Amino acid sequence: MSDKEVILTPDGLKRLEEELENLKSVKRREVAERIKVAIGYGDISENSEYEDAKNEQAFIEGRIITLEKMLRNARIINSDEIDTESVSVGVTVTVEDMEFGDIMEYTIVGSAESDPLNNKISNESPVGKAIIGKKKGTVVDVTVPAGVIQYKIIDIKMK
């Protein structure tokens, strides 16, 4: 089974590399120190500090493995690859809700760096899937749990 390609913008790549470096150089040491202190308390079979530290260590190691795998399978979308004639990863899209007239702006990113609270949506999200490859002026139907929303693509630009 091949690993899934992870699409990243240069900013997303930088953030993942910084997180990985922080986990390896700072968080590993911190949790190792917590484990050492907790062992000093004596019997580890009933030591909640030890259990908490071991659980955190497992989480950190799992996240490191995940990040390393993502970075190994990363495909970086550079600005010279981006065509603003149609929606693709790396562009910022302005859409209008055809029912309510609301105007929204989304930056299309790979799933690894999606952040809906900051209007960065994944190319794999319902809205992302519906608008990828579409051109300015196109009306698309987006299936969401509440039904179907129609969006008109108003503008496509570099972020």
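Predicted model: local features only at pLDDT ≥ 70, side-chain atom pairs only at ≥ 80, totals over all residues.
Biologist: How do you know where the domains are?

Modeller: The domain assignment gives domain 1 as 6-76 and domain 2 as 80-158. Their C-alpha centres lie 33 Å apart. The contact between them takes nine residues from domain 1 and nine residues from domain 2.

Biologist: And what does UniProt list for residues 6-76?

Modeller: An unreviewed UniProt entry lists "domain: Transcription elongation factor GreA/GreB N-terminal" there. In the model, that span is 79% helix and 8% strand, and its end C-alpha atoms lie 8 Å apart.

Biologist: Which feature does UniProt place at residues 84-157?

Modeller: That one is "domain: Transcription elongation factor GreA/GreB C-terminal", again from an unreviewed entry. Here the span is 8% helix and 46% strand, with end C-alpha atoms 6 Å apart.

Biologist: Okay, on to single residues. Why is Val87 called buried?

Modeller: Buried means under 20% relative accessible area. Val87 has 2%, so Val87 counts as buried. As for its place in the chain, Val87 lies in the loop between strand E2 (74-76) and E3.

Biologist: What does Val87 touch, leaving out residues up to four places away in sequence?

Modeller: Its partners are Val93, Ile108, Ile131, Ile132, Gly133, Lys134, Ile153 and Ile156.

Biologist: What makes the largest nonpolar core a core, and which residues have the most contacts inside it?

Modeller: A core is a set of buried nonpolar residues joined through side-chain atoms within 4.5 Å. The largest one here has 19 residues, and those with the most contacts inside it are Val87, Val93, Ile108 and Ile131. Strands E3 (91-97), E4 (103-109), E6 (139-144) and E7 (147-158), along with helix H3 (126-131), each supply at least two of its residues. A second, separate core has 15 residues, including Leu13, Tyr50, Ile64 and Met70.

Biologist: Why might nonpolar side chains end up together like that?

Modeller: In soluble globular proteins, nonpolar side chains tend to be buried together.

Biologist: Take Ile131. How do you know which residues it is in contact with?

Modeller: Contact means heavy atoms within 4.5 Å. Setting aside neighbours within four places in sequence, Ile131 is in contact with Val87, Val93, Ile108, Val140 and Ile153.

Biologist: How do you know whether Thr94 is buried or exposed?

Modeller: Thr94 has 12% relative accessibility, so Thr94 counts as buried, since the cut-off is under 20%. Thr94 lies in strand E3. Beyond residues up to four places away in sequence, Thr94 touches Ile103, Met104, Glu105, Lys152, Ile153, Ile154 and Asp155.

Biologist: Now the charged pairs. Why is the pairing of Lys14 and Glu18 called a salt bridge?

Modeller: The rule asks for a side-chain nitrogen within 4 Å of a carboxyl oxygen. Lys14 and Glu18 come in at 3.9 Å, N to O, and meet in a salt bridge. Both lie in helix H1 (residues 10-40), four residues apart, about one turn of the helix.

Biologist: What about the salt bridge between Glu61 and Arg28?

Modeller: Their closest N and O atoms are 2.9 Å apart, and the limit is 4 Å. Glu61 lies in helix H2 (residues 48-72) and Arg28 in helix H1, so this pair ties together parts that are 33 residues apart in sequence. Glu61, at 27% relative accessibility, counts as partly exposed, and so does Arg28, at 32%.

Biologist: How many salt bridges does the structure hold?

Modeller: The structure holds 10. Another of them joins Lys27 and Glu30, at 3.7 Å, N to O.

Definitions and conventions
Residues numbered from 1 in each chain as written. Heavy atoms only, no water. Buried < 20%, exposed > 50% of the residue type's maximum accessible area, 1.4 Å probe, protein only. UniProt positions renumbered as here; feature names shortened; annotations may be inferred. Domains from an automatic or database assignment.
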